[in-house]
Amino acid sequence: MYRVSFEFRLTRLLPWPEDGTDFYGHVESVRAKIGSHEFVEDVRAITDRAESLLTFDFLIDAAHHEVANAAALRLVRDAIENCGARHFGLGAAAIGALTPAGARSGLETPIWHRRRVLVGVAA
(Lines give C-alpha, C1' and ligand atoms only; values in the text may rest on other atoms or scores of the structure.)
Protein backbone atom coordinates (compact mmCIF):
# COMPACT_ATOMS: atom_id res chain seq x y z
CA MET A 1 0.00 0.00 0.00
CA TYR A 2 1.11 3.52 -0.79
CA ARG A 3 -0.11 6.81 0.63
CA VAL A 4 -0.70 9.45 -2.04
CA SER A 5 -1.21 13.14 -1.43
CA PHE A 6 -2.21 15.61 -4.16
CA GLU A 7 -2.18 19.35 -3.45
CA PHE A 8 -4.25 21.64 -5.66
CA ARG A 9 -5.37 25.19 -6.08
CA LEU A 10 -9.03 25.04 -7.14
CA THR A 11 -10.29 28.09 -8.99
CA ARG A 12 -12.86 29.18 -11.51
CA LEU A 13 -13.34 32.39 -13.45
CA LEU A 14 -16.57 33.26 -11.64
CA PRO A 15 -15.97 33.55 -7.87
CA TRP A 16 -17.33 30.74 -5.69
CA PRO A 17 -20.56 31.69 -3.85
CA GLU A 18 -20.05 32.86 -0.27
CA ASP A 19 -21.83 29.84 1.25
CA GLY A 20 -19.29 27.44 -0.31
CA THR A 21 -21.86 24.92 -1.54
CA ASP A 22 -20.49 24.84 -5.10
CA PHE A 23 -16.89 24.52 -3.91
CA TYR A 24 -17.51 21.80 -1.31
CA GLY A 25 -20.02 19.97 -3.52
CA HIS A 26 -17.56 19.79 -6.38
CA VAL A 27 -14.71 18.63 -4.11
CA GLU A 28 -16.97 15.93 -2.64
CA SER A 29 -17.96 14.71 -6.12
CA VAL A 30 -14.31 14.30 -7.10
CA ARG A 31 -13.48 12.66 -3.74
CA ALA A 32 -16.32 10.15 -4.20
CA LYS A 33 -15.13 9.26 -7.73
CA ILE A 34 -11.60 8.64 -6.45
CA GLY A 35 -12.93 6.51 -3.59
CA SER A 36 -15.10 4.39 -5.88
CA HIS A 37 -12.10 2.36 -7.06
CA GLU A 38 -11.60 -1.00 -5.37
CA PHE A 39 -7.83 -0.47 -5.01
CA VAL A 40 -8.26 2.88 -3.21
CA GLU A 41 -8.95 3.35 0.51
CA ASP A 42 -9.31 6.12 3.07
CA VAL A 43 -9.85 9.07 0.71
CA ARG A 44 -9.74 12.37 2.58
CA ALA A 45 -10.22 15.88 1.25
CA ILE A 46 -8.65 18.67 3.29
CA THR A 47 -9.83 22.09 2.14
CA ASP A 48 -9.02 25.74 2.69
CA ARG A 49 -11.73 27.50 0.70
CA ALA A 50 -10.51 30.95 1.73
CA GLU A 51 -7.23 30.29 -0.11
CA SER A 52 -8.79 27.97 -2.75
CA LEU A 53 -6.41 25.21 -1.66
CA LEU A 54 -7.11 21.54 -1.12
CA THR A 55 -5.37 18.25 -0.58
CA PHE A 56 -6.56 14.78 -1.50
CA ASP A 57 -4.94 12.10 0.61
CA PHE A 58 -5.58 8.37 0.07
CA LEU A 59 -4.18 4.86 0.14
CA ILE A 60 -3.67 2.96 -3.10
CA ASP A 61 -2.87 -0.74 -3.46
CA ALA A 62 -0.03 -1.14 -5.98
CA ALA A 63 2.97 -3.41 -6.46
CA HIS A 64 5.57 -0.67 -6.96
CA HIS A 65 6.06 3.05 -6.37
CA GLU A 66 5.93 3.80 -10.12
CA VAL A 67 2.68 1.84 -10.52
CA ALA A 68 1.14 3.67 -7.56
CA ASN A 69 2.19 7.05 -8.94
CA ALA A 70 0.86 6.36 -12.46
CA ALA A 71 -2.42 4.84 -11.23
CA ALA A 72 -3.04 7.69 -8.77
CA LEU A 73 -2.37 10.32 -11.40
CA ARG A 74 -4.72 8.64 -13.87
CA LEU A 75 -7.59 8.15 -11.41
CA VAL A 76 -7.41 11.71 -10.05
CA ARG A 77 -7.26 13.14 -13.58
CA ASP A 78 -10.24 10.98 -14.64
CA ALA A 79 -12.24 11.93 -11.53
CA ILE A 80 -11.71 15.65 -12.18
CA GLU A 81 -12.65 15.34 -15.84
CA ASN A 82 -15.71 13.17 -15.07
CA CYS A 83 -16.94 15.86 -12.67
CA GLY A 84 -16.92 18.44 -15.46
CA ALA A 85 -13.77 20.33 -14.54
CA ARG A 86 -10.49 21.28 -16.18
CA HIS A 87 -7.02 20.51 -14.85
CA PHE A 88 -3.44 21.59 -15.33
CA GLY A 89 -0.38 19.62 -14.32
CA LEU A 90 -1.93 16.15 -14.41
CA GLY A 91 -0.60 15.03 -17.77
CA ALA A 92 -0.88 16.01 -21.38
CA ALA A 93 -4.42 16.36 -22.66
CA ALA A 94 -5.69 17.49 -26.00
CA ILE A 95 -7.29 20.94 -25.94
CA GLY A 96 -10.73 19.42 -26.48
CA ALA A 97 -10.20 16.92 -23.68
CA LEU A 98 -9.71 19.56 -20.99
CA THR A 99 -13.46 19.92 -20.58
CA PRO A 100 -15.39 16.77 -21.42
CA ALA A 101 -18.83 16.65 -23.01
CA GLY A 102 -21.56 17.50 -20.53
CA ALA A 103 -19.20 19.55 -18.38
CA ARG A 104 -20.05 22.87 -16.83
CA SER A 105 -19.32 25.61 -19.26
CA GLY A 106 -17.54 28.91 -19.18
CA LEU A 107 -17.16 30.96 -16.08
CA GLU A 108 -18.37 28.33 -13.59
CA THR A 109 -16.02 25.55 -14.75
CA PRO A 110 -13.77 24.48 -11.86
CA ILE A 111 -10.07 24.54 -12.73
CA TRP A 112 -7.68 22.31 -10.81
CA HIS A 113 -4.05 23.46 -10.69
CA ARG A 114 -1.71 20.76 -9.42
CA ARG A 115 0.79 22.09 -6.91
CA ARG A 116 2.44 18.93 -5.61
CA VAL A 117 2.10 15.14 -5.55
CA LEU A 118 3.68 12.98 -2.88
CA VAL A 119 3.76 9.17 -2.99
CA GLY A 120 5.23 7.05 -0.23
CA VAL A 121 4.96 3.64 1.37
CA ALA A 122 2.04 3.58 3.82
CA ALA A 123 3.04 2.96 7.42
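Which side chain meets that of arginine 3 in a salt bridge? In this predicted model, the partner is aspartate 57, with 2.6 Å from N to O. Arginine 3 is partly exposed, at 26% relative accessible area, whereas aspartate 57 is buried, at 8%.

Aspartate 57 also meets the side chain of arginine 44 in a salt bridge, at 2.3 Å from N to O. Arginine 44 is partly exposed, with a relative accessible area of 39%. Arg3, Asp42, Arg44 and Asp57 together form a network of salt bridges.

The structure holds 6 salt bridges. Another one of them joins arginine 116 to glutamate 7, with their closest N and O atoms 2.8 Å apart. This pair connects strand 5 with strand 1 across 109 residues of sequence.

I turn now to the nonpolar core. The largest one has 29 residues, of which Ile34, Phe58 and Ile60 touch the most other members. At least two residues come from each of several elements, including strand 1, helix 1 and strand 5. Helix 2 gives the largest share, 7 residues. In general, nonpolar side chains in soluble globular proteins tend to be buried together.

What does isoleucine 34 contact, leaving aside its neighbours within four places in sequence? The residues are Val40, Val43, Phe56, Phe58, Leu75, Val76 and Ala79.

Notes: Residues are numbered from 1 along each chain as its sequence is written. This is a predicted model: local features need pLDDT of at least 70, side-chain atom pairs count only at pLDDT 80 or more; totals for chains, interfaces and linings use all residues. Side-chain values use heavy atoms; hydrogens and water are left out. A nonpolar core is a set of buried Ala, Val, Leu, Ile, Met, Phe, Trp, Tyr and Cys residues joined through side-chain atoms within 4.5 Å. Buried means under 20% relative accessible area, exposed over 50%, partly exposed in between (1.4 Å probe, protein chains only). Helices (H or I, at least four residues) and strands (E, at least two) are DSSP runs, numbered from the N terminus. Contact means heavy atoms within 4.5 Å. A salt bridge is a side-chain nitrogen of Lys or Arg within 4 Å of a carboxyl oxygen of Asp or Glu.
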